[in-house]
Amino acid sequence: MDLILFGIQGSGKGTQGKILKDRYDTAYFETGAELRRLSKEDSKLGKKVKEIIEAGHLVPNEIVMEIVENFLKNVPKGKNVIFDGIPRKMEQAQSLDALLEKHGREYKAVILDLSEQVALNRLTLRRICSKCKTVYPADYENDMCERCRGELITRSDDNPESIKTRIKAYFDETMPVINMYLEQGKLLRINGEQSIEAVSKELFETLDPIYK
Ligand code: AMP
């Protein structure tokens, strides 16, 4: 059973996703990271994706789906996948559904619930490691990554304009997908406004019966 992770930007989706990946030994598809990697390529496509990401808009569906399809081809048989950052709009949910069905895969979805205000505060103040990309919250006081000693920087799309655009896209485009999964009985809800440890604990309680 695959797992689709939902949550407003800053909800801790990436942090929790990686904890779940380790606990349940799954493969992990982080859409934003895959696209950021593509955006660094010195090609026409790379430059186009870079511009879209920095403005906070969604990258065209065909580009995203091609990356997912390539990823799925390399997932070993029997390995579950955690999807982080996809689907982000209805058209993408339909493409992803079709792709998963084609590969004979089933999924559940989980959402980390967080208010817009808390999300805004977290995004404005968070920093990431320039080398290993670990995310550090506002109250982390050092300027150096505790894992790899890389320098902590602000993500280039964590600027006020882009944050506003991304949050609007979340409500306008992703929320209808979340509501659809809720109606279909595929969605599990977790309170994302707790400490990292408390959110993980709630996730384990909900997901252990499925994955352990
Ligand atoms: P994230 O790291 O999830 O915040 O994603 C960073 C940026 O990558 C987003 O603001 C979009 O520009 C792009 N992106 C991530 N996921 C998707 C997706 N599923 N569809 C289209 N664009 C995406």
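A residue is called buried here when its relative accessible area is under 20%, exposed when that area is over 50%, and partly exposed in between, with a 1.4 Å probe and the protein chains only. By that criterion Tyr140 is buried, since its relative accessible area is 17%. The structure is a predicted model, in which local features need pLDDT of at least 70 and side-chain atom pairs count only at pLDDT 80 or more, whereas totals for chains, interfaces and linings use all residues. Residues are numbered from 1 along each chain as its sequence is written, and side-chain values use heavy atoms, with hydrogens and water left out.

The structure holds 7 aromatic pairs, where rings of Phe, Tyr and Trp (its six-membered ring) pair if their centres lie within 6.5 Å, and planes under 30 degrees apart count as stacked, over 60 as edge-to-face and the rest as tilted. One of these pairs joins Phe6 and Tyr181, and because the ring centres are 5.7 Å apart with the planes at 45°, it is tilted. Phe6 belongs to strand 1 (residues 2-7) and Tyr181 to helix 7 (residues 160-183), so the pair ties together parts that are 175 residues apart in sequence; helices (H or I, at least four residues) and strands (E, at least two) are DSSP runs, numbered from the N terminus. Both partners are buried, Phe6 at 3% relative accessibility and Tyr181 at 0%. The pairing of Tyr136 with Tyr140 is likewise tilted, because their ring centres are 4.2 Å apart and their planes stand at 35°; Tyr136, at 4% relative accessibility, is buried.

Attention can now turn to the ligand. Around it are 16 residues, of which Arg36, His57, Gly85, Arg88 and Gln92 come nearest, a residue being near if one of its heavy atoms lies within 4 Å. Helix 2 (residues 31-39) gives the largest share of this shell, 4 residues. A backbone N or O atom lies 3.0 Å from a ligand nitrogen in the case of Val59 and 2.8 Å in the case of Gly85, while Gln92 brings a side-chain N or O atom to 2.9 Å from a ligand nitrogen. Of the 480 Å² that the ligand exposes when taken alone, the protein buries 96%, with accessible areas taken from the Shrake-Rupley method with a 1.4 Å probe and, for residues, only the protein chains shown counted as cover.

Methods:
A polar contact is a pair of N or O atoms within 3.5 Å; within protein, one must be able to donate a hydrogen and the other to accept it, and residues adjacent in sequence count only if both atoms are side-chain atoms.
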